[in-house]
Amino acid sequence: MLQAPRATTRILGRLAASLMAAAAGFLWWNTSPARIFMGDTGSQAMGGAMAALALLTNTHLLLVILGGLLLGMSFLYNKFRGVLFGVESRESGVDSPGSE
């Protein structure tokens, strides 16, 4: 099993704190109306950094639980947004001609 040496735990902590601060700063500027967008490259970098931190700190199960929690929240939001906001759920999120 991959284990980080004690000297690098401070570095890993600083990396985790900087990732958390970057995500908080992104969420601040991404509120409605959104001024910036993360895109695929940014989200893959954040996911890769989270996976690397999970592997180096032996918190594999926590990463799976948090990922499941995020997926569950997304599912519940999409499922109940009609009740909350009066918006009907569509199969695809794309408005195409002829889909009326």
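1. Secondary structure first: the chain has three helices and zero strands, and the order from the N terminus is α-α-α. Helices here are DSSP runs of H or I with at least four residues, strands are E runs of at least two, and both are numbered from the N terminus.

2. Before you read further, this is a predicted model: local features need pLDDT of at least 70 and side-chain atom pairs 80 or more, while totals for chains, interfaces and linings use all residues. Residues are numbered from 1 along each chain as its sequence is written, and side-chain values use heavy atoms, with hydrogens and water left out.

3. On burial, 7% of the 100 residues count as buried (under 20% relative accessible area; exposed is over 50%, partly exposed in between; 1.4 Å probe, protein chains only). The chain exposes about 8500 Å², with carbon and sulfur atoms supplying 68% of it (Shrake-Rupley method, 1.4 Å probe).

4. Now H2, residues 39-56: its 18 residues reach 26 Å from first C-alpha to last, close to the 26 Å expected (1.5 Å times one less than the number of residues). Its buried residues are Ala49, Leu53 and Ala54. Down the helix axis they fall within an arc of 135 degrees, so they line one face of H2 (the arc uses directions from the axis to the C-beta atoms). Asp40, Thr41 and Gln44 are exposed on the other side.
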